[in-house]
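The model is a predicted one.

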Amino acid sequence: FLSAMRLALLAKRLQRAHPFLQRRLKRTYTMATDADIDVVANYDQVVGRIAAKATDLACDPPRLVAVSKTKPLSLVCRLFEHGHRRFGENYVQELYDKSHDPSCPDGIEWHFIGHLQSNKCKLVARVPQLSMIETVSSAKLATGLNKAFAAEEKTIDVMVQVNTSREENKHGASPEDVVELCRHVLNGCPQLRLRGLMTIGQLGRVMPEGELNPDFECLVDCRVRVLAELPVEQLELSMGMSNDFELAMQQGSDNIRVGSTIFGARNYAK
């Protein structure tokens with residue numbers, strides 16, 4: 001195999017080459033760089049940081065979802081053999097393919113954490129060992145999922161996604177609509193078990209030392225309102241990713257989603 005450096009040099013030289021050759025080289029380069037990633041060492045560092053922060057806060061550590069989108073199943077299996085069980089995927093087809101691969105380990109717990117279109121409900125309902133869908137963003141989607149899981153005679157844990165930063169390019173219910181969406185899940189979707197609320201903080205937001213993230217504060221407030229208005233005893237909060245999970249822990253996160261810090265930069269070459 002060519003070294004990653006030589007492959008990168010060849011990629012530059014072939015910028016004007018036939019598109020097929022460019023795609024082929026990108027795939028080879030992706031395989032080489034993925035093979036160089038020490039996911040176990042990266043994972044152990046993240047777990048150490050989580051444990052240290054939990055000690056500082058005198059709290060239990062949150063659930064860690066290792067986000068493996070665009071990464072090969074071999075890296076997932078490597079972490080599974082190391083003892084980790086919960087993995088997150090953003091794309092329905094990729095999750096479906098990985099979960100049906102003969103090498104996918106028994107006992108894995110898949111979380112779907114990406115945008116879910118209504119026309120993909122049937123496909124995601126056929127994913128084996130799916131533990132949770134964290135991105136229920138509308139009543140229409142909740143109804144579609146309920147129908148799909150009923151057809152499979154299954155139930156599923158879900159979280160309602162909230163667009164706390166109110167960015168137009170993000171999915172999720174507005175903070176004002178969270179209670180009604182949760183009410184719809186509770187009253188109209190018996191196949192769905194409401195477990196919590198999820199948000200993605202504003203991308204690129206860097207908080208000054210000592211300041212709280214307003215997106216996380218908003219999600220905490222949403223939980224307070226849902227618990228006050230609906231017959232729900234407990235709701236988890238899913239917030240915090242590679243760049244802000246320690247601050248999310250400080251603000252009460254129960255579930256963090258860490259991808260690139262464990263698996264390296266994403267590969268989108270086709």
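## Helix H9

Asp-215, Phe-216, Cys-218, Leu-219, Cys-222, Arg-223 and Val-226 are the buried residues of H9. Viewed down the helix axis, they fall within an arc of 155 degrees, so they line one face of H9. An α-helix has 3.6 residues a turn, so residues three or four places apart point the same way. Val-224 and Ala-228 are exposed, on the face turned away from the buried side of H9. The cover over the buried residues includes H8, S6, S7 and helix H10 (245–250).

H9 covers residues 214–229. Its 16 residues should span 22 Å at 1.5 Å a residue, and the end C-alpha atoms are 23 Å apart, which agrees. Asn-213 caps the N-terminal end of H9. A side-chain oxygen of Asn-213 lies 2.8 Å from the backbone nitrogen of Asp-215.

## Ser-238 in strand S7

Strand S7 runs over residues 236–238 and contains Ser-238. Ser-238 has 0% relative accessibility, so it counts as buried. Beyond its neighbours within four places in sequence, Ser-238 is in contact with residues including Met-159, Met-198 and Leu-219. Leu-219 is also one of the buried residues of H9. Other contacts of Ser-238 include Glu-134, Ser-253, Asn-255 and Arg-257.

Six of the six residues of S5 are buried, so the strand is largely enclosed by the rest of the structure. Ile-156, Val-158 and Val-160 point one way from S5. Asp-157, Met-159 and Gln-161 point the other way. In a regular strand the side chains alternate between the two faces of the sheet.

S4 and S5 run parallel and are joined by three bridges. Val-136 stands opposite Val-160 in S5. The chain passes from S4 through H7 to S5, a right-handed β-α-β crossover. S5 also pairs with S6 in the parallel sense, over six bridges. Here Gln-161 stands opposite Met-198 in S6. The chain goes from S5 to S6 through H8, and this β-α-β crossover is right-handed.

## Helix H7

H7 spans residues 139–151. At 1.5 Å a residue, its 13 residues should span 18 Å, and the end C-alpha atoms are 18 Å apart, which agrees. Just after H7, Glu-153 takes a positive phi of about 55 degrees.

Leu-141, Ala-142, Leu-145, Asn-146, Ala-148 and Phe-149 are buried in H7. Among the elements covering them are helix H6 (121–125), strand S4 (130–136) and strand S5 (156–161). Helix H8 (178–188) and strand S6 (192–198) also contribute to this cover.

Methods. Residues numbered from 1 in each chain as written. Predicted model: local features only at pLDDT ≥ 70, side-chain atom pairs only at ≥ 80, totals over all residues. Heavy atoms only, no water. Helix = DSSP H or I, 4+ residues; strand = E, 2+ residues; numbered from the N terminus. Expected span 1.5 Å × (residues − 1). Buried < 20%, exposed > 50% of the residue type's maximum accessible area, 1.4 Å probe, protein only. Contact = heavy atoms within 4.5 Å. Pairing = 2+ DSSP bridges. Right-handed = clockwise from strand over helix to strand, strands pointing away. Arc of directions from axis to C-beta. Polar contact = N/O pair within 3.5 Å; in protein donor to acceptor, adjacent residues only side chain to side chain.
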